[in-house]
Amino acid sequence: MEKHSLWEHLPLLVRSNSKESVEYILQALWRTRKIGLDSADRDIIKDMLQLQFESQLDPLLVCLRMLIRRCVYGNHGKDEIQKLFPQEVSPELQRLLTLLLQKFQREWREDALKDQVSLPRLKAMTWNLASQDAEAGDGVAIVNLKLQDDAAQPGLGEKEIKFQLAKDTLETMLKSMVKHRMGISKLKKLVDHKNESLCDNEVERDGETSQVMSRSTVLISEPFKKHGSPAFQAVPS
């Protein structure tokens, strides 16, 4: 019932003066998808639709935002957008909104991909040993990490982080890395060996199939040889 009541507010768009007004409303909703419409935008839209009360505007905006989300994030192709509308929405309004949603779908999906959070990747790692206490002989490792954020603007994606680790902590970390590397190497060899065995089995099966086919050819050709007839005869045209 709630969804049906939201759809009932879509005909308010017919009050707009032009197609460009509806286009402005959709673009404003997408532009403010993270922060919401400010008072200036709300007043502009309210004037476009000739609305007197704020209570008339909010349900319409909710419905339009729901349509935009389905269009951008849903698994709907460009030709399937019209299927988003229920039957109670007039065909004229469906065609108008479908046309505009198709127009901006690709652009909005690109924006949505940029909005996704991407973790920076490790570009380089170096460390140096330094003596923290010359008398005690305690050593620390100064670790330098270079991170690359591919989602950042060009020239601003590379970050450098420095921190210290005690010598025994560094040794534990390196041993753990070597252990994991050895485990991955063994797993890779096991997978390669398994793949080679599968290939050998396929070759053997192919060989057996060839031998069976050869024997079958001999058995099929033999009766023709006994009767002095060719295995195949030309069909007269």
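**Overall architecture and local packing**

The secondary structure of the chain consists of six helices and three strands. The model is a predicted one. Read from the N terminus, the order of elements is α-α-α-α-α-β-β-β-α. The chain has 237 residues, of which 25% count as buried. Its accessible surface amounts to about 17700 Å², and carbon and sulfur atoms account for 55% of that area. When contacts between residues at least 6 apart in sequence are considered, 55% of them join residues at least 24 apart.

The mean pLDDT is 76, and 71% of the residues reach 70 or more. Among the elements, helix α2, spanning residues 19-31, has the highest mean pLDDT, at 95. The lowest mean value, 60, belongs to helix α6, which covers residues 167-226. Over residues 202-237 the pLDDT stays under 50, and for this stretch the model has three contacts beyond four places in sequence.

The packing of helix α3 (residues 39-48) with helix α4 (residues 54-73) was examined in detail. The axes of the two helices are 11 Å apart and meet at an angle of about 95°. Angles of 65 to 115 degrees count as roughly perpendicular, and α3 and α4 are therefore roughly perpendicular to each other. On the α3 side the contact is made by Arg-42, Asp-43, Ile-45 and Lys-46, and on the α4 side by Glu-54, Leu-57, Asp-58 and Leu-61. By class, this contact of α3 with α4 comprises five charged residues, three nonpolar residues and no polar ones.

Two residues of the α3 side were considered individually. Arg-42 is placed in helix α3. Its relative accessible area is 18%, and buried means under 20%, so Arg-42 is buried. Apart from neighbours within four places in sequence, Arg-42 is in contact with Leu-37, Glu-54, Leu-57, Asp-58 and Leu-61. Lys-46 is also found in helix α3. With a relative accessible area of 15%, Lys-46 is buried as well. Leaving aside neighbours within four places in sequence, the contacts of Lys-46 are with Leu-51, Gln-52, Phe-53 and Glu-54. Between Lys-46 and Leu-57, which are 11 residues apart in sequence, the C-alpha to C-alpha separation is 6.9 Å.

The loop between α3 and α4 contains Gln-50. Although Gln-50 is not a glycine, it has a positive phi of about 55°.

Not counting residues up to four places away in sequence, Leu-93 touches Leu-10, Pro-11 and Leu-13. One of these, Pro-11, is 82 residues from Leu-93 along the chain, and the C-alpha atoms of the two residues are separated by 7.5 Å.

Methods: Residues are numbered from 1 along each chain as its sequence is written. This is a predicted model: local features need pLDDT of at least 70, side-chain atom pairs count only at pLDDT 80 or more; totals for chains, interfaces and linings use all residues. Side-chain values use heavy atoms; hydrogens and water are left out. Axes are lines fitted to C-alpha atoms, for helices over the stretch in contact, and angles run from 0 to 180 degrees between N-to-C directions. Helices (H or I, at least four residues) and strands (E, at least two) are DSSP runs, numbered from the N terminus. Angles under 35 degrees count as roughly parallel, over 145 as roughly antiparallel, 65 to 115 as roughly perpendicular and the rest as oblique. Contact means heavy atoms within 4.5 Å. Ala, Val, Leu, Ile, Met, Phe, Trp, Tyr, Cys and Pro count as nonpolar, Asp, Glu, Lys and Arg as charged, and the others, Gly among them, as polar. Buried means under 20% relative accessible area, exposed over 50%, partly exposed in between (1.4 Å probe, protein chains only). Accessible areas come from the Shrake-Rupley method with a 1.4 Å probe; for residues, only the protein chains shown count as cover. pLDDT is the predictor's confidence in each residue, from 0 to 100.
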